[in-house]
Amino acid sequence: MLRLVIVASLVLLGLCFEDERVIGGTEANRNAWPWLVSLQGFGGYWYHTCGGTLIRHQWVLTAAHCVDRSGMSYRVVLGDHNIYEDDGTEQYINVQNIILHEGWNGDLAIGNDIALLYLERDAVLNQYVQFGALPAAGATLPNNYLCYVTGWGYTRNGGTVSPTLQQAPIRVVAYEICSQPAWWGYYVTPNMVCAGGDGIIAGCQGDSGGPLNCQHDGTFYIHGATSFVAAAGCDTDMKPTVWTRVSSYINWINDVR
């Protein structure tokens, strides 16, 4: 049963190696989420595969499952809004090196679905391109805490790509609840963050690797990297979108950088 859930989750959200939006979302303002990047793969042409977060001039945080395919070339697009148009604010930078977490083995239920991308050159900061703030090591969020999911993924199950960046408010589901049998049960670990599960708002294909944005004292912190959803559909009731908990990997991030 576990394998079926994981494989189906990979199809719906995980690998996302195709043009892939936030379910229940609305179009974001052009500079609302300046740390969000479009991670693009090359298959004869560049195409959106996943999201990611700029955390330093040459470093992007994303999900390991987004970049563990051998032989693929990647680039990131910063300052983007419409992935099919020239907004005049984009920066295109190739990925020079990919660092997968050493605990990642392809099994989403085990976790460690996190990776760092080292870029070929520095990102230039401006109103459209900024760093995402990382939470303190070990930080957790209380149940029902308001965050935002952002990305270019599907807006409905079996839907189509969103050309423009989408956003949606989404509520955290505490681990004590999310790990109950009626929710995700043993498919989630304390190193993951659940949010959503109301059957209305969710991440979906193409949102993988993107941030869970949670505000505290006026600053948005990146509490998650989108990892997986339910086999039955991205917006399945009581099956929240699951993120890798960034606060569990702060020491790893600092050691790599």
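The model is a predicted one, where local features need pLDDT of at least 70, side-chain atom pairs count only at pLDDT 80 or more, and totals for chains, interfaces and linings use all residues. Numbering runs from 1 along each chain as its sequence is written, and side-chain values use heavy atoms, with hydrogens and water left out.

Strands here are DSSP runs of E, at least two residues, numbered from the N terminus, and two of them pair if DSSP finds at least two bridges between them.

Now zoom out. Six strands close into a barrel, in the order β2-β3-β4-β7-β6-β5, with antiparallel pairing. On average, neighbouring strands of this sheet are turned by 45° against each other, direction ignored; the axes are lines fitted to C-alpha atoms.

Next stop, strand β4 (residues 59-62). On one side, β4 runs antiparallel to strand β3 (residues 46-56), joined to it by three bridges. The two make a hairpin with two residues between them, and Arg56 stands opposite Trp59 of β4. β4 is also joined to strand β7 (residues 115-119), again antiparallel, by four bridges; there, Val60 has Leu117 in β7 as its bridge partner.

What about the faces of β4? In a regular strand, side chains alternate between the two faces of the sheet. In β4 both faces are covered: Trp59 and Leu61 on one side, Val60 and Thr62 on the other, are all buried (under 20% relative accessible area, 1.4 Å probe, protein chains only).

Terms used: Buried means under 20% relative accessible area, exposed over 50%, partly exposed in between (1.4 Å probe, protein chains only). Axes are lines fitted to C-alpha atoms, for helices over the stretch in contact, and angles run from 0 to 180 degrees between N-to-C directions.
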